[in-house]
Amino acid sequence: MLPQVVSREQWLTARRELLAKEERFSKERAELVASRHRLPMVRMEKDYIFEGVHGRAGLPELFGGCRQLIVFHLMFDPAWDDACPSCSAFSDELGPGLLGSLRARDTAFAAVSRAPLAKLKASREWSRWDFPWYSSYGSDFNYDFHVTLDERVAPVAYNFASKEEILAAGAPNDLVDSEIPVEVAALSCFVQDGGSVFHTYSAYDRGVEELGHARSLLELTALGGHASRTRPVR
């Protein structure tokens with residue numbers, strides 16, 4: 001549905017009211033970002049091995065010489081023929097410009113999925129993605145970061161809550177109460193210091209939408225992401 005049609009004066013009044021809300025939100029967002037920067041970090045003690053197009057690599061190698069690393073936990077179960085459609089939509093926006101901007105700020109970006117490397121290669125070729133993409137197949141990485149939920153392998157937790165806490169909330173949750181392994185999307189951040197790697201941040205659920213830059217722009221428009229499904233004004 002299109003917005004109400006009003007006079008320029010009425011629009012200006014409404015826009016000023018919204019501007020006040022936007023300014024409050026910007027201040028709150030700045031405070032939130034500062035809180036993220038103050039979040040404590042955890043030393044990575046386990047040695048994970050990944051497989052990429054250039055061979056096997058440990059977590060430090062994923063930094064590619066940068067001080068920081070952002071990992072996109074891209075959903076791709078070993079039994080699937082392709083990656084998750086939603087994750088793929090996010091991945092389509094991860095172009096050379098974005099990756100170059102991160103690297104210019106001493107930050108590397110890599111995707112990690114549980115599917116074997118051969119499936120990642122096939123999907124990458126079809127999708128024409130340029131970002132580094134590694135397979136964690138056979139390692140504990142996905143389970144330790146709670147992006148593969150399987151009680152047979154590790155205690156199930158999602159978005160920093162245990163299965164028991166989530167179910168106690170009373171709402172049905174197929175993610176944590178499934179009888180088959182479940183893949184979830186997430187972002188995790190790491191930093192190197194003094195020869196050690198530290199885990200600084202992870203985000204699940206809505207936090208992964210930070211990858212969707214087109215979505216952020218569409219949020220500024222009247223129709224959001226639904227413009228193609230809207231009839232023209234008569």
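Predicted model: local features only at pLDDT ≥ 70, side-chain atom pairs only at ≥ 80, totals over all residues.
Residues are numbered from 1 along each chain as its sequence is written, and side-chain values use heavy atoms, with hydrogens and water left out.

Helices (H or I, at least four residues) and strands (E, at least two) are DSSP runs, numbered from the N terminus. In helix α4, which spans residues 117-127, Leu117, Leu120, Ser123 and Ser127 are buried, where buried means under 20% relative accessible area, exposed means over 50%, and partly exposed lies in between (1.4 Å probe, protein chains only). These four residues lie on the same side of α4 because they cover an arc of only 125° around the axis, the arc being that of the directions from the helix axis to the C-beta atoms. The face turned away from this buried side carries the exposed residues Ala118, Glu125 and Trp126, whereas the buried residues of α4 pack against β2 (49-52), β5 and β6 (133-135), with contact meaning heavy atoms within 4.5 Å.

Strand β2 runs antiparallel to β3 (residues 55-58), to which 4 bridges join it, and two strands are taken to pair if DSSP finds at least two bridges between them. The two strands β2 and β3 form a hairpin with 2 residues between them, and Ile49 stands opposite Gly58 in β3.

The largest nonpolar core has 22 residues, and those with the most contacts inside it are Phe72, Leu74, Cys87, Phe109, Phe131, Trp133 and Leu211; such a core is a set of buried Ala, Val, Leu, Ile, Met, Phe, Trp, Tyr and Cys residues joined through side-chain atoms within 4.5 Å. At least two residues of this core are supplied by each of β4 (68-73), α2 (85-91) and β5 (107-113). Apart from it lies another core, of 18 residues, among them Met44, Phe63, Val71 and Tyr134. When neighbours within four places in sequence are left aside, the contacts of Phe109 include Leu69, Ile70, Leu94 and Pro132.
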